[in-house]
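Today I am opening my notebook on a new model.

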Amino acid sequence: MTEKLPPTILVIFGITGDLSKRYLLPALAEICRSDQLSKDFQILGVSRRDAAKTEIFGGTQEILQPYSRVFRMDLANGADYHKLKHQLGELGQKFDQPPQVIFYLSVPPVAARQIISLLGESGLNTAHTKLLLEKPFGYDLKSASELVAEMSEHFTEKQ
């Protein structure tokens with residue numbers, strides 16, 4: 001790597017889902033195997049239920065183990081987003097500068113709107129955060145437009 005990336009915490013909503021297991025986690029494991037994953041990198045998988053790391057990470061567990069944690073929360077409970085904020089603060093202390101936090105939403109569009117709203121309401125939409133949504137982006141033009149409007153209420157376009 002020629003450019004040093006900032007410390008990063010990748011928060012994956014939907015870590016137990018099919019897209020994460022089949023595509024996202026294997027891709028991250030491959031980046032790690034090719035020695036392109038910064039040591040200042042952490043994966044925080046968000047799950048609605050208790051799940052063992054072996055169940056979540058499957059065949060990628062061994063390679064991603066040093067970089068990963070699982071955080072259980074109720075995605076509809078605003079108080080849990082404050083707990084998430086606290087967890088991110090603890091993870092961020094291990095870095096020598098404030099980390100960027102990437103919220104990766106690998107969830108259905110209907111769940112994304114609520115998560116985005118609660119992230120914003122709990123103050124997790126700071127200048128160091130980015131928002132990344134998995135496809136599909138809404139079900140149709142109307143729902144996609146509503147999702148963009150919800151994001152615009154809590155995050156800037158740059159985020």
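Helices (H or I, at least four residues) and strands (E, at least two) are DSSP runs, numbered from the N terminus.

Before going on, I noted that this is a predicted model, where local features need pLDDT of at least 70 and side-chain atom pairs count only at pLDDT 80 or more, while totals for chains, interfaces and linings use all residues. Residues are numbered from 1 along each chain as its sequence is written, and side-chain values use heavy atoms, with hydrogens and water left out.

**Helix α6**

I listed Ser-143, Ala-144, Leu-147, Glu-150, Met-151 and His-154 as buried in α6 (buried is under 20% relative accessible area, exposed over 50%, partly exposed in between, with a 1.4 Å probe and protein chains only). Down the axis of α6, these buried residues fall within an arc of 120°, so they line one face of the helix (the arc is that of the directions from the helix axis to the C-beta atoms). On the face turned away from them I found the exposed Leu-141, Lys-142, Ser-152 and Glu-153. The buried residues of α6 pack against α5 (109–121) and β5 (129–133), with contact meaning heavy atoms within 4.5 Å.

**Helix α1**

Next I turned to α1 (residues 18–33), which has 16 residues and reaches 22 Å from first C-alpha to last, close to the 22 Å expected. I noted a bend of about 30° at Leu-24, with Pro-26 following within four residues (the bend is the angle between axes fitted to the seven residues ending there and the seven starting there). Leu-24 is also one of the buried residues of α1, which include Leu-25 and Leu-28. After α1 comes Asp-35, whose phi is positive, near 60°.

**Aromatic rings**

How many aromatic pairs does the structure hold? I counted 3, with Phe, Tyr and Trp (its six-membered ring) pairing if their ring centres lie within 6.5 Å. The rings of Phe-13 and Phe-103 have centres 6.3 Å apart and planes at 45°, so I logged the pair as tilted (under 30 degrees is stacked, over 60 edge-to-face, the rest tilted). Phe-13 sits in strand β1 and Phe-103 in strand β4, 90 residues apart.

Terms used:
Expected span 1.5 Å × (residues − 1).
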